[in-house]
Structure formats: C-alpha cells, structure tokens
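Please keep the model in view while reading.

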Amino acid sequence: QVHLVESGGALVHPGESLRLSCVASGSISGIYSMAWYRQIPDKQRELVASITSGGNTNYLDSVKGRFTISRNNAKDTIYLQMNSLKSEDTAVYYCNADSETNSGVFQDWGQGTQVTVSL
C-alpha cells in the first residue's frame with residue numbers, strides 16, 4: 001500500500017495562487033494513477049485532477065485552465081498548481097493513489113489539506 005502526505009493548503013484571497021504537494025511512500029512502484037480530490041461538508045468528494053503513470057491528465061471542468069497537475073518522479077511527489085482561485089474552490093483537498101501489486105488493487109488516500117479562498 002501507499003502512504004500519502006499532502007501539504008500546501010492555506011487561506012488565500014480570490015485571484016491568488018497556491019501549490020499543493022503530495023509525497024508518496026511505500027509500494028509506489030505499483031502506482032498507475034494519482035489524483036487530487038476535494039470535499040466540502042455534506043458534499044461528495046469530487047475528482048479535481050488526475051495523472052496517469054503515462055502522463056495523461058484529466059481535469060474537472062470548473063478548474064480547466066486554472067489548475068495544473070504535475071509530478072516529479074524523482075521525488076515521488078505530485079503537485080496541484082492552482083491559479084486564479086475562487087471562493088468555490090474552498091475545500092479539503094485529498095491526494096489519491098491507485099496501485100496494483102501481487103496482493104491486489106488498492107486505493108489510498110492522504111489525510112487532506114485545507115484550502116480556503118476568502119476575502
């Protein structure tokens with residue numbers, strides 16, 4: 001299984017930028033996809049952006065053109081660069097990893113990092 005630790009959440013003003021980081025450890029060789037999700041109270045967790053081991057990316061429509069997911073394989077880290085932040089981006093952001101090993105298929109989550117966009 002994979003252990004994920006997020007960082008970078010903060011309180012920012014609308015229009016500002018923020019970069020989230022997620023460091024993976026453990027059985028990382030089996031990871032085939034990583035992603036950022038977000039969740040606000042009483043709402044379902046939603047997929048914000050994902051990146052496959054082949055580098056293919058996918059984004060939530062409302063963040064296209066503002067957010068960029070990337071990875072640094074040497075540091076076992078993925079990032080979420082968030083520009084032109086809006087109040088509706090306020091949420092807890094979670095890092096996710098999908099992996100497959102001889103033991104099976106796993107989906108692991110980080111503990112979450114709070115992003116608040118407010119005047």
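Strands β4, β5, β7 and β8 each supply at least two residues of the lining of the largest pocket, strands being DSSP runs of E with at least two residues, numbered from the N terminus. On a 1 Å grid over the protein atoms alone, a pocket is an open set of points where a 1.4 Å probe fits, with protein on both sides within 12 Å along at least five of seven lines, and lining residues have an atom within 4 Å of a point. The model is predicted, so that local features need pLDDT of at least 70 and side-chain atom pairs count only at pLDDT 80 or more, whereas totals for chains, interfaces and linings use all residues. Residues are numbered from 1 along each chain as its sequence is written, and side-chain values use heavy atoms, with hydrogens and water left out.

The space in this largest pocket comes to about 240 Å³, a volume being the space filled by probe spheres set on grid points that are joined across faces, edges and corners. Its lining comprises 15 residues, and I28, I31, M34, R71 and N73 lie nearest the centre. Strand β4 gives the most to this lining, with four residues.

In soluble globular proteins, nonpolar side chains tend to be buried together.

Residues up to four places away in sequence aside, Y93 touches, among others, W36, R38, L80 and M82, contact meaning heavy atoms within 4.5 Å. R38 lies in strand β4 (residues 31-39). R38 counts as buried because its relative accessibility is 6%, the limits being under 20% relative accessible area for buried, over 50% for exposed, and partly exposed in between (1.4 Å probe, protein chains only). Its side chain makes polar contacts with the side chains of E46, at 2.7 Å, and of Y93, at 3.0 Å. A polar contact is a pair of N or O atoms within 3.5 Å; within protein, one must be able to donate a hydrogen and the other to accept it, and residues adjacent in sequence count only if both atoms are side-chain atoms.

Two loop residues have positive phi without being glycine. D42, with phi of about 65°, is found in the loop between β4 and β5, and counts as exposed because its relative accessibility is 84%. D76, with phi near 50°, is found in the loop between β7 and β8 and is partly exposed, with a relative accessible area of 33%.

D76 and S25 are 51 residues apart in sequence, yet their C-alpha atoms are 7.3 Å apart. S25 lies in strand β3 and, neighbours within four places in sequence aside, is in contact with Q1, V2 and H3.
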